[in-house]
Amino acid sequence: MTKHLIRRLLQAVPTLFGITVISFLLMQAAPGDPVSMLTFNPEVTAEGSARLRRQLGLDDPPLTQYLYWLVGNDWTQIDVDGDGSGDVQGVRKGLLRGDLGNSLVQKRPVLELITERIPATMQLMLSALLVGYSAGIVLGLIAAARHGSVIDQAIRFFSVVGTSLPGFWLGLLLIIIFSVQLKWLPLGGRQDLTDPDAGLALWDVASHMILPVSVLAMGIVASISRYVRAEALEIMGHDYIRTARAKGLNERSVFRSHVMRNALIPVATLLGPALGGLIGGSVITEQVFSWPGMGRMVITAISQRDFPLIMGTVLFSSVIFTLGVLLSDILYGLLDPRVRY
Amino acid sequence: MTTDPQSRPMNISRRSTLWGSAFRRLLQDRLTLLAASVLFFLTFVCVLGPPVVENVLKVDVESTSVRDRYKPPSAEHPIGTDHLGRDLLIRLLFGGRISLAVAYVASTVSMSIGVMVGILAGFVGGVVDDLILWLITTLSSIPALFLLIIATVIWSPSAETLILFLAGLGWIETARLIRGQTITLKHQEYVLAARALGSTRLRLMVRHILPNVLSIAIISMTINAGALILLESGLSFLGLGVQPPTPTWGNMLTEARSYFDRGIHLVFFPGIAITVTVLCFFLFGDGLRDALDPRQARR
């Protein structure tokens, strides 16, 4: 098991490396570097901007730029005045030491901006994961147990429609129904649990979460319920289920201790795809509900063309995603005793 | 393969082709047929609707009217008008052209790339396979929406380039599936037999592997089409897709978002159009899977 764990962890390394390469290439493709944006400023001379270019390493060959971006340049001297010898100690710490650069607009470290937004996004994503998984499992099991009935049909219909709904449209409809017409729930925004003014206003916190979490969880409910149903139905065709019935177990126990327990194991493998859907979905959901998380920050950064911030968030999300897939693989290995390495 | 007409009746040998029997199974699957007809109908009206409206009915599509803003559905405007007094149904038809073009073109292109890359990786193996698999894993580790967002921010695409971008993302999952299937197939005896007869690698790939992965490719293309429509509409919603005044279902919703208190029809109809189209693609894909691969038929 440990051996497998280490091998699986090592497998993630080339992927993570690939992510950094693609991010770097995209950043290179972005039009206009920070210095060329300054050329319209009359106070910046040509010589000044050349100095700045050298200081920021923009004239270095791409491979050097990539290396400095990855491991930092604080171990080198930068040749600022262009005479061939180093003048200034580099300051960048590099991606591997958590340096994602500075936001062009907010003039603060990208990592700091991201960590500020993480609690809000995690709050949404984890709630959606929890709600989505529990509702999906319950619905899937009900559908399998009542195979062929009207309930089964309804759940199947729901799970197909659920994957076809554009999240932002569902969000808009929910807002129109529950916030505008019925006025039961707020239009959007987030009530911070740690806000001292909020006190024990738990309902206030929850009421802001109901709609966005439902929208985010929708896709997960749909895919999980579909998967669990198919899995449970397949298991019900196995010989050991007939054996369990033959030895006199009632339907309830057969379902509970033989079908259900086996059907739920593969659900762990869906964690990866679910996480991927959540990361993309949270960008849109946060936008619909004005939720102050990472997704909303990215959209703002896009409108301001703040590339370091955009790339930082993408990198960060991709790494989280890769680790999530890793986790679901490992989890599956732990849960299913048949998987031996 | 030729059969002796004396020893075997013709209809049996006809029945035994994969595509023929799949088609017959499809004809019995009413839900899939319904999905296919809805898709056909939507495509039909979105392709033929706009020229008819422009040339036969002589309606100026972009004509705006202050007096007709936010009109609810009526006889004159079957599903109402938008914030500039434009007829929503006409806009929906025009938008559908783009959204459906995205679905058809992007999914076809991505299927072709996926099949080529998948067969190449699976059949050739070795370093080529390692490299392609690495690319696939890496690209699928970056959330698709993010990749698209960055690409659109950097290159602000037109509708055509956007379709290419979507195709450039859609092939990844297909290639993974095809690669797996190719690896299974290449060890089968008929491939060995063909190789023994002196087939070149190219011929093996094209004549012996390709026909056997085609059913998977077509199923994944159909499902991809639905997924790509969703992705495109999400992108439009964020203001990064095809730009107004060119309507797409996604950017119509974005516009409607600012005015939804003036009438729910503004939000309702574009969304329903997206949902129904995506739903039909998914259902059709499911039906195709059942028809082409009866062993895995859904229950």
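Student: How many helices and strands are there in chain B?

Tutor: Chain B has 11 helices and zero strands. Helices (H or I, at least four residues) and strands (E, at least two) are DSSP runs, numbered from the N terminus. This is a predicted model, in which local features need pLDDT of at least 70, side-chain atom pairs count only at pLDDT 80 or more, and totals for chains, interfaces and linings use all residues. Residues are numbered from 1 along each chain as its sequence is written, and chains are lettered from A, with ligands numbered from 1, in the order in which they are written.

Student: And what does chain A have?

Tutor: Chain A has 12 helices and two strands. From the N terminus, the order is α-α-α-β-β-α-α-α-α-α-α-α-α-α.

Student: What is the confidence like in chain B?

Tutor: The mean pLDDT of chain B is 79, and 79% of its residues reach 70 or more. pLDDT is the predictor's confidence in each residue, from 0 to 100.

Student: Where is it lowest and where highest?

Tutor: Confidence in chain B is lowest in helix α1 (residues 10-15), with a mean of 51, and highest in α5(B), at 88. Over residues 1-5 of chain B the pLDDT is below 50, and this stretch has three contacts in the model beyond near neighbours in sequence. Two residues are in contact if their C-beta atoms, placed from the backbone, lie within 7 Å. For the model, ipTM is 0.78 and pTM is 0.81.

Student: Back to α5(B). Is B:Val127 buried or exposed?

Tutor: B:Val127, in helix α5 (residues 126-141) of chain B, is exposed because 8 other C-beta atoms lie within 10 Å. A residue is buried if 20 or more other C-beta atoms lie within 10 Å of its own, exposed if 12 or fewer, and partly exposed in between, with C-beta atoms placed from the backbone.

Student: How far apart are B:Val127 and B:Pro143?

Tutor: They are 16 residues apart in sequence and 26 Å apart in space, C-alpha to C-alpha.

Student: How many residues does each chain put into the contact between A and B?

Tutor: Chain B puts in 33 residues and chain A 36. On the chain B side, α5, α6 (144-155), α9 (201-237), α10 (249-257) and α11 (265-292) each supply at least two residues. α11(B) gives the most, with eight residues.

Student: What classes of residue are on that side of chain B?

Tutor: The side of chain B that touches chain A has 22 nonpolar, eight polar and three charged residues. Ala, Val, Leu, Ile, Met, Phe, Trp, Tyr, Cys and Pro count as nonpolar, Asp, Glu, Lys and Arg as charged, and the others, Gly among them, as polar.

Student: Which residues touch the most other members of the largest nonpolar core?

Tutor: Among them are A:Ala128, A:Ile310, B:Leu166 and B:Phe281, in a core of 147 residues. A nonpolar core is a set of buried Ala, Val, Leu, Ile, Met, Phe, Trp, Tyr and Cys residues joined through C-beta atoms within 7 Å.

Student: What does B:Leu166 touch?

Tutor: Not counting residues up to four places away in sequence, B:Leu166 touches B:Val102, B:Ala106, B:Leu228, B:Leu231 and B:Glu232.

Student: Which domains is chain A divided into?

Tutor: Chain A is divided into domain 1 (17-97) and domain 2 (119-335), with bounds from an automatic or database domain assignment. Five residues of domain 1 are in contact with six residues of domain 2.
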